[in-house]
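Open the model in your viewer and keep the selection tool ready. We will go from stop to stop, selecting a few residues each time.

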Number of protein chains: 2
Amino acid sequence: MTETRGARVVVIGGGFGGLETVSHLKHQPVHILLLDRKNHHTFQPLLYQVATAGLSPAEIAAPLRSIVSKQKNTEVLLTEVNGFDLARKVVKTADTEIEYDYLVVAAGARHSYFGNDQWEPLAPGLKTVEDALEIRRRVLLAFEDAERQAALHGHHSDINFVIVGGGPTGVELAGTISEVARTALARDFRTIDPKHTRVILVEAGPRVLAAFSEDLSASAERQLNKLGVEVRTKTMVTQVLPHEVHMGEVVLPSSVTLWAAGVAASPLGRALSQNVDRAGRVPVQPDLTIPDHPEVFVIGDLATIKNPDGKPIPGVAPAAMQMGRFVAKTISNDLEHRARTNFVYNDKGNLATIGRNAAVAQFPKFKLTGYPAWLAWLFIHILFLIGFRNRLVVMIEWAWSYLTYQRSARLITDEVGRLREQLRSPDSHLPEPPAVEVVEKRRA
Amino acid sequence: MTETRGARVVVIGGGFGGLETVSHLKHQPVHILLLDRKNHHTFQPLLYQVATAGLSPAEIAAPLRSIVSKQKNTEVLLTEVNGFDLARKVVKTADTEIEYDYLVVAAGARHSYFGNDQWEPLAPGLKTVEDALEIRRRVLLAFEDAERQAALHGHHSDINFVIVGGGPTGVELAGTISEVARTALARDFRTIDPKHTRVILVEAGPRVLAAFSEDLSASAERQLNKLGVEVRTKTMVTQVLPHEVHMGEVVLPSSVTLWAAGVAASPLGRALSQNVDRAGRVPVQPDLTIPDHPEVFVIGDLATIKNPDGKPIPGVAPAAMQMGRFVAKTISNDLEHRARTNFVYNDKGNLATIGRNAAVAQFPKFKLTGYPAWLAWLFIHILFLIGFRNRLVVMIEWAWSYLTYQRSARLITDEVGRLREQLRSPDSHLPEPPAVEVVEKRRA
């Protein structure tokens with residue numbers, strides 16, 4: 001067993017799992033180094049609110065430094081991890097190696113295009129603040145384009161939003177976009193005819209929200225329809241083109257296509273294990289470590305493990321947080337020379353929001369749908385938001401938009417011009433050099 | 001005189017001048033078309049708060065559509081104007097021509113690098129929300145870099161912020177960055193030594209805030225020094241390089257260089273007049289029109305005109321707003337066949353903020369400095385913020401950060417990866433094709 005007095009704990013990833021590990025080691029005699037590519041924790045359950053112009057990034061993201069600012073045994077470093085040397089117990093970054101006694105890898109997941117990565121620019125997913133801002137930009141620009149057509153030519157072509165994937169993210173995006181299109185934006189864009197706005201949710205499986213019971217899936221589909229969303233289950237997307245989504249023979253015109261289908265674990269998984277699963281997740285042992293390395297933990301969306309009852313543990317925030325707490329507990333056990341235990345996921349229930357007054361909630365003892373489920377969702381998500389200020393401001397924003405049907409963050413920011421400048425700029429502050437080369441092109 | 005019943009008024013630019021024109025024509029029997037490249041009005045006096053992580057973009061920017069949503073005679077179009085055919089009375093955009101009976105050009109200004117445009121990526125200015133986010137990113141990354149050095153190697157090189165230009169923007173940026181570096185960020189970044197953070201304000205002229213009286217300039221300089229800013233007047237910047245600013249023989253190392261010096265009017269000015277001044281501003285007649293075109297008004301930072309007393313009218317928000325109201329009044333006079341009058345700028349006073357409790361205020365009858373000036377500034381800027389929600393949220397944010405020394409929006413969003421994707425993306429929604437080409441480069 002590692003000598004653990006003043007042990008050096010390196011945590012990779014400031015998501016739900018990583019932060020829980022860190023905070024539950026607060027009173028232990030360890031040195032914690034929290035590494036992340038971003039300087040902020042993103043409260044992913046509310047990202048769709050940023051994507052639909054309801055909230056601003058700063059209201060759902062908190063700087064990692066301020067989160068741990070009171071925890072003296074923890075340091076935050078903004079850096080990208082490239083790999084590991086498990087034998088020498090070091091983490092490799094672009095410019096240095098970082099030693100550890102304990103390694104906790106909580107690097108999370110991105111979305112997967114099932115081998116069709118060329119679809120990504122055409123159908124962005126929703127994992128980061130940048131994703132959310134890009135989706136917001138595309139959604140708002142779709143309406144601006146239609147308004148310009150209508151104003152200049154007296155009519156506009158249909159506005160179709162195609163959301164691929166009927167999981168929680170796809171459902172909340174479809175429901176909210178449809179609701180916003182018929183309320184806030186409908187008022188903003190006077191000459192646009194809401195009848196010409198379609199929101200289509202495409203799901204390959206037999207039902208939306210497959211993680212929920214069948215009756216809740218059915219309820220979710222009804223609630224989606226009420227919000228004006230067309231749900232197409234048992235439908236596989238075969239091709240994504242600019243403004244077109246192919247499903248076998250069927251071709252849907254699409255103003256904006258969004259991707260909420262597959263999940264792909266961080267590439268760091270492959271640096272840790274030869275036998276990752278199809279989603280790139282690392283199979284971990286009952287104590288969440290990898291074989292032969294009791295000092296290396298993998299948690300959250302990057303790990304795959306079954307509960308004692310044989311059920312796979314879902315890639316949800318509560319599971320990641322429970323894993324984080326378990327790892328902190330296990331390291332503490334080591335420190336106090338107590339035996340390790342096995343991780344058991346305690347499923348406290350599952351919530352999915354659909355839109356205004358619309359949601360489903362599945363608890364061990366009971367279920368909720370519609371308004372009560374939505375209230376439960378609202379309450380729990382404000383409760384778990386990190387930072388009192390965020391809770392306060394988000395409550396105000398939500399009360400405001402609930403009463404006025406206004407969305408507070410309907411801004412389109414043109415990042416392209418900005419990027420052009422950045423790529424040209426020799427500014428060494430740029431995040432590690434992107435694998436692109438910029439060539440001035442003389443305009444004909 | 002133009003036939004004005006149901007006259008078509010085209011307003012270019014949703015800044016202070018354009019919006020005042022629009023809102024004061026609310027009850028006139030005209031059709032108003034408001035054209036802007038952006039979908040939002042930016043409250044420029046508070047942009048520096050976004051650049052210094054105190055506020056979020058949505059808190060100081062309001063969608064143009066929601067601002068005019070209650071004004072039935074007004075339409076907003078998101079489009080870029082390329083030029084005019086004054087003889088045929090049409091505005092030219094990329095995809096169409098737009099006819100007008102009255103044209104109000106309020107396209108504003110960008111910053112000028114005095115012929116050294118290659119400095120722009122090295123020393124961004126502060127005119128748009130995108131500018132502010134880029135400055136925020138660079139300022140925060142400078143501290144992150146130092147923290148990483150300190151954590152991995154035990155020491156970090158100096159953090160130098162060089163701000164070029166001692167006008168209101170340069171002064172508020174310098175003062176706020178210095179204040180934030182010594183309070184909010186100093187706490188976030190434990191291992192950074194604030195003694196190694198320098199903020200240098202460089203001004204070519206003999207004093208900062210030249211628009212104010214000499215004693216107020218002197219007071220501003222003292223207040224800047226109190227906040228830890230080094231002020232260098234009578235100093236001309238001769239060269240800007242990555243992390244270096246040259247002033248003749250003197251070379252300052254610079255982690256982040258910001259540009260708050262010259263102003264260059266929108267290129268649309270040259271499309272309106274042969275004899276624009278050195279800043280590209282259009283000389284206008286006493287009724288703010290251009291010669292031989294009583295139906296074409298130019299206002300705000302794009303216009304240059306002297307007051308009857310011979311004083312040039314400054315490029316400030318109050319002047320632009322008064323011009324906007326005057327144009328609305330003039331068009332109304334035409335409608336009611338009343339004679340036109342001449343514009344007179346009524347200088348109600350001048351305020352500049354420097355930092356926490358630090359500002360200067362010059363009113364016709366009295367002057368303020370320090371805390372009272374700062375309170376006056378605070379009050380007036382919350383008062384003039386567009387949208388009740390913004391006023392409420394900004395008040396909360398300010399109270400919060402005043403009491404806690406926290407900055408609520410300390411987010412670094414990595415736009416490069418996002419932009420790389422966008423440049424690849426065939427998404428037709430993208431703003432005009434950027435003059436760059438992205439080539440995948442195989443890493444050696």
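Select Arg137(A) and Glu134(A) in helix H5 of chain A: they are three residues apart, so about one helical turn separates them. Their side chains meet in a salt bridge, with 3.0 Å from N to O. A salt bridge here is a side-chain nitrogen of Lys or Arg within 4 Å of a carboxyl oxygen of Asp or Glu. Arg137(A) is buried at 2% relative accessibility, and Glu134(A) is buried at 0%. Buried stands for under 20% relative accessible area, exposed for over 50%, and partly exposed for what lies in between (1.4 Å probe, protein chains only). Helices (H or I, at least four residues) and strands (E, at least two) are DSSP runs, numbered from the N terminus.

Before moving on, please note that this is a predicted model: local features need pLDDT of at least 70, side-chain atom pairs count only at pLDDT 80 or more, and totals for chains, interfaces and linings use all residues. Residues are numbered from 1 along each chain as its sequence is written, chains are lettered from A and ligands numbered from 1 in the order in which they are written, and side-chain values use heavy atoms, leaving out hydrogens and water.

Next, pick Arg110(A) and Asp131(A), whose side chains form a salt bridge at 2.9 Å, N to O. This pair links distant parts of the chain, 21 residues apart: Arg110(A) is in strand S10 (residues 109-112) and Asp131(A) in helix H5 (residues 129-153), both of chain A.

Now try Lys367(A) and Asp215(A), another salt bridge, at 3.1 Å from N to O. Lys367(A) belongs to strand S25 (residues 367-369) and Asp215(A) to helix H8 (residues 214-226) of chain A, so the bridge ties together parts 152 residues apart in sequence. Lys367(A) is partly exposed at 41% relative accessibility, and Asp215(A) is partly exposed at 41%. Then show both chains and select Arg65(A), Glu144(B) and Glu147(B), which salt bridges with shared partners join into one network. Over all chains, the search finds 42 salt bridges.

For a last stop, select helix H1 (residues 16-23) of chain A, where seven of the eight residues are buried. Among them are Phe16(A), Leu19(A) and Val22(A).
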